[in-house]
Amino acid sequence: MKTDLSIRFGELELANPLVAVSGTFGYGFDYEPIIPPETFGAVVVKGTSLEPWPGNAPPRIVETPSGMLNAIGLENPGVDVLIEEYLPRLAERDTKVIVNVVGRTVDGYVGVAEKLDQRPEVHALELNVSCPNVDAGGMSFGTSPEAVAELIGATRRVTQKPLIVKLTPNVTDITVVARAAEEAGADALSLINTLLGMAIDTETGRPILANVVGGLSGPAIRPVALRCVYQARAATNLPIMGLGGVSSAEDVVAFIMAGASAVGIGTAMFADPRTPGRIVEELKEYRSRYDEWPIGRAHQ
Amino acid sequence: MSSATDADLHLFEARVAHNAPEGTARRLTLAVDEPIDPNPGQFLQVGRSGSETYLKRPLSISDWDAARGLLELLILPVGRGTRHIASARPGEMLTLLGPLGRGFPSPDELGAAPLLVGGGIGSAPLVFLARRLAASGNPPTTFIGASDGQRLAGEKSLAGCSRRLVLATEDGSRGEIGMVTSVIWEHLDGLEGITSIAACGPAGLLEAVKILSDRLGVPAFGSFEERMACGVGACLGCAIPMAKPGDGKKYLRVCADGPVFALEEVAIS
């Protein structure tokens, strides 16, 4: 069945709504040949900082009911290595490339954005605002509407690339930060990042993760993510990438109906790498039911 | 060092041909139709339907009969995931991703007189390695140990493809009494001419093997484990500290850079 699954996500025309989310798909090639990067409408590459970040000590992950906790610590080789080694390879493949940008200071984010601004391989930047803000005592940028706005403003000044802001669910009201991002000039939102959690080894009496706390992902967080997308859709006019526990074509359609025009998949690939290919195949049947993608239908 | 290429990655179903007890572990024999070509030390991400756990489980390949397409897994049921896989019934299908990771160096690289050291279920991948070494004309000298005789793994197969097999148990129920890494020192005279050491077991065993290899002046390789999610190098979950960090890099990935490392490459903890 030849069905056009294309969808417009802000300024990006995606071949299909499915997006490989940051930190779960490396730089696009680790799962070859089972999951080629062109399976996705877009690939969001690993969180990238100005300088290399070594990441956290192990253990970095622990399985939980219907999901997992991770505290990788945003290990990455830095933006220069991304530009030299990975972007050229990824540019040869038929998918949109989004770079997830991380920093500990506003200057850190701005430095990465500046270096990527002239790279034709990069179609958009995703600002990961869940990083601890060193200048604000380590509190995450994403929990403060003012800090998010400042970050977007500063990044906007150095790049013309579409700016997607990835919101954290670890806030009282996600619509406050979503509105702040819209007013500050963000082009799109992606939500949600992981939920903060922890696990304890009852034999040793110690936290399992060396970092003590980590981010919860997987099907366990899907209802929370869907709720956040629904709320953000109602509160702003920005295009939304919905993500959190997506494991089936039905999940993708639910996120679209909540208001998303791109839908991320991550942890489900670990459980079964066949999932993305299966979803894209099954989306064809869903797509044939509608004249156009039912974006935000749940709000009608 | 042998390394997997992208084309080596397979995702496939395999039928459970046999499931038999081996001490406290289970030996699963799988009938594999997929054209895989695993190396000793490589592993598979294994899933069985109906699992309460979300992620697959990384399990080393304990034996591989390429001619008949029979693959063996020696599984110690320690948690919900391994218990579920270890109880798979003959005729059932398991889902496998792999072969994954970098295995042990080739028989050529391990030289004319390799020494294998295994602790507990860690002896599992050494069976496949010993078989390869024997086939290459250089059967290994093998030491395996466990807390008790019920926890010695792979004994029968290792006996068949080792130049010499020494058993050690901490309670003395089988073989010589004591930790395998202590027992080896008592055999030091017989280890002259050893060309390399390949080991798998707990961190304490690998640390002791590192000291032994320094003493004997031979290269040593160990197979490591860590909590794992993707198994293919994408998620960076299974980090292991490098012995010599540099250029802003402190960790390697057990799944993709390992699970076998030269013992001088990593910080054993």
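The model is predicted, with local features needing pLDDT of at least 70 and side-chain atom pairs counting only at pLDDT 80 or more, whereas totals for chains, interfaces and linings use all residues. Residues are numbered from 1 along each chain as its sequence is written, chains are lettered from A and ligands numbered from 1 in the order in which they are written, and side-chain values use heavy atoms, leaving out hydrogens and water.

Select A:E38 to begin; this residue is partly exposed at 35% relative accessible area. Its salt-bridge partner is A:R93, at 3.0 Å from N to O (a side-chain nitrogen of Lys or Arg within 4 Å of a carboxyl oxygen of Asp or Glu). A:R93 sits in the loop between α1 (79-91) and β7 (96-101) of chain A, and A:E38 in the loop between β3 (18-20) and β4 (42-48) of chain A, so the pair ties together parts 55 residues apart in sequence. These elements are DSSP runs numbered from the N terminus: helices (H or I) of at least four residues, strands (E) of at least two.

Next, select B:K249 and A:E75, which form a salt bridge of 3.9 Å, N to O. B:K249 lies in strand β15 (residues 249-253) of chain B and A:E75 in the loop between β6 (67-70) and α1 of chain A, so the pair joins two chains. B:K249 is partly exposed at 36%, while A:E75 is buried at 9%.

Finally, select A:D272, A:R274, A:R278 and B:E13, which a network of salt bridges links.

Key:
Buried means under 20% relative accessible area, exposed over 50%, partly exposed in between (1.4 Å probe, protein chains only).
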